[in-house]
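Have the sequence and the 3D view open as you read.

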Amino acid sequence: MVSLFLEFGVKERPLRANATEKLLRKLNQMTFICRIEGMEDEPPSRKTEEGGSSKRSQRPQDRQGKLPRRRKEVKRSLRKPDCPEHLSGGSAHWLPEQPGSEASVSVEDTAESCPKRWDRCRRGHFLHGPYPATHFGPKACVLPNPTSVMHIQDPASQRLTWSKPPLNVLVIRKIRDETLLEPFKELCRFLVEEKHLMVYVEKKVVDDGSLMMDDSFSAIRNQLCTFREGYDDISDCIDLIICLGGDGTLLYASSLFQGSVPPVMAFHLGSLGFLTPFKFESFKTEVDKVFEGNAAIILRSRLKVKVVKGMFQRNEQLFSAEENGVVPHNHINSEAGKITLQLQVLNEVVVDRGPSSYLSNVDLYLDGRLITSVQGDGVIVSTPTGSTAYAAAAGASMIHPNVPAIMVTPICPHSLSFRPIVVPAGVELMITLSPDARNTAWVSFDGRKRQEIQHGDSIKITTSCFPVPSICCHDLVYDWFDSLAQCLHWNVRKKQTRLTDASDSSETEN
């Protein structure tokens, strides 16, 4: 069974025996609560008829599991916002079935005894599909794995909650844009004077000549905390990020936090604004709503990228006779490899041919197995958030940010059959130069830190456990489709007019 973990600022700890038993009991309680919530709209007589005498004896146990569970859920909402469970909307924890375990018997018996209501309960509360059954027919089932835990995340219930009121706010402003000067001053004045918050800004923003000459803003400017990218670490002291500008400000905010990322509130003051759903005209009202809590958030997954120099050494003669494209371990020198760069990427990793006129020729591996060689201008490895950026321009499909996946898109491939593909989020991709490559390749990360890749170098890419919690203006579904329509004009076409004649126009008159 595939394990999907979504960490957010807290490292995962191994479960002990007692903790596992408690988790199984909670799962059993959650199962009965889910059934009861799904049957609330049914008449009591029907519940009595279906329950029968055998279930009447279980009702006291159900009530004992139901009431404490709801009280525990109330207490859980007061946990710190850097907890993975809390910021993922209280996602359910599902354990694979184990022989003799209480939870596995309860889930199975519940699903079989009332399949329609169980399926309706699961589908009514989740945007993702229901948890798949692990039994297939009368005799087949998935091999139990007691060490794996799957966290099924409910996108519809992803709500932001503050354990304590936020005190430190990072304001990121798009530079070299004089039209953002007044909105920046209004926001800082509101946060400092009315909200009494500590505001962090970049030093180059405060040193702007227009701000220095504004005497009315000098009192606010003296209270701002400044930092410099690459010199000052602010990852542990920021509670909220507010972006003023376009999509680039959100990408820049992501690059400042290579670990856990605070919630991001982005105002549309740039050119495109696909990732910035808020309008600045009502910024005070919107900021107050966020501070009150219970705001919808969307967890934008990031890519964890490592650039390893001189590790991947290949013998061309041996690889020509190799079957199935499996990488021999004796030809990978782990000691010679040196990680020169490790980044968290929000949009995409782009490998291209650089200034060379030759085709880019790189090999693509998935979990150590050679998948294909890319011959063209390059290849794009993107997140679902990045599927609407460079990948969309290269002909890829657009994926909702809540879909756990990694997209691989070729750039102008010299092949008529090379289509973009989507792979599971848990795999590890590796890109290396092909031994037949006539030139080197170049790699960039969200359009930054561009560097050259030579023979023997490798780029390892997998899904990061630190997403970017982006605050939604309405909800995570409406905001995405609204951005598709407003920014990319998705499926915009002149409407077809209706026929005035009731007869079918395709029929020909004799």
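The points below go from the whole chain to its sheets, its cores and a few charged pairs.

1. **What you are looking at.** This is a predicted model, in which local features need pLDDT of at least 70 and side-chain atom pairs count only at pLDDT 80 or more, while totals for chains, interfaces and linings use all residues. Residues are numbered from 1 along each chain as its sequence is written, and side-chain values use heavy atoms, with hydrogens and water left out.

2. **The chain as a whole.** The protein chain holds 15 helices and 24 strands; these are DSSP runs numbered from the N terminus, with helices (H or I) of at least four residues and strands (E) of at least two. Of its 510 residues, 44% are buried. Here buried means under 20% relative accessible area, exposed means over 50%, and partly exposed lies in between (1.4 Å probe, protein chains only). The accessible surface comes to about 28,100 Å², and carbon and sulfur atoms account for 51% of that; such areas come from the Shrake-Rupley method with a 1.4 Å probe, and for residues only the protein chains shown count as cover.

3. **Contacts along the sequence.** Among contacts with a separation of 6 or more, 75% are between residues 24 or more positions apart. A contact means heavy atoms within 4.5 Å.

4. Follow the order E13-E12-E23-E20-E15-E16 and you have an open sheet of 6 strands with antiparallel pairing. Strands E13 (338–345) and E16 (369–376) are at the edges with a single partner strand each, so one side of each has no neighbour in the sheet. Neighbouring strands are turned by 20° against each other on average, direction ignored; axes are lines fitted to C-alpha atoms, for helices over the stretch in contact, and angles run from 0 to 180 degrees between N-to-C directions. Two strands count as paired if DSSP finds at least two bridges between them. Strands E15 (residues 360–366) and E20 (residues 429–433) run antiparallel and are joined by 5 bridges, and Leu364 has Ile431 in E20 as its bridge partner.

5. **Another open sheet.** The order E19-E18-E17-E14-E21-E22 gives an open sheet of 6 strands, with antiparallel pairing. Its edges are E19 (421–424) and E22, each with a single partner strand, so one side of each is left without a neighbour in the sheet. From one strand to the next, the twist averages 20°. Between E14 (residues 348–352) and E17 (residues 378–382), which run antiparallel, there are 5 bridges; the partner of Val350 in E17 is Ile380.

6. **The nonpolar cores.** A nonpolar core is a set of buried Ala, Val, Leu, Ile, Met, Phe, Trp, Tyr and Cys residues joined through side-chain atoms within 4.5 Å. The largest has 35 residues, of which Val171, Phe184, Leu191, Leu224, Ile242, Phe267 and Ile471 touch the most other members. Elements that each supply at least two residues of this core include strand E6 (168–173), H7 and strand E10 (264–268), and H7 gives the largest share, 7 residues. Leaving aside neighbours within four places in sequence, Leu191 is in contact with Val169, Val171, His196, Leu197, Val199, Ile242 and Val287. Apart from this core lies another of 28 residues, among them Val349, Val381, Val408 and Phe418.

7. The whole structure has 10 salt bridges, each being a side-chain nitrogen of Lys or Arg within 4 Å of a carboxyl oxygen of Asp or Glu. One of them joins Glu182 and Lys185 (3.0 Å, N to O). These two are 3 residues apart in helix H7 (residues 181–194), so about one helical turn separates them. Glu182 is partly exposed at 45% relative accessibility, whereas Lys185 is buried at 8%.

8. **A salt bridge across the sequence.** Which parts of the chain does the pair Lys309 and Asp457 link? The side chains meet in a salt bridge (3.1 Å, N to O). Lys309 is in strand E12 (residues 303–309) and Asp457 in the loop between E22 and strand E23 (458–463), 148 residues apart. Lys309 is partly exposed, with a relative accessible area of 25%, while Asp457 is buried at 5%.
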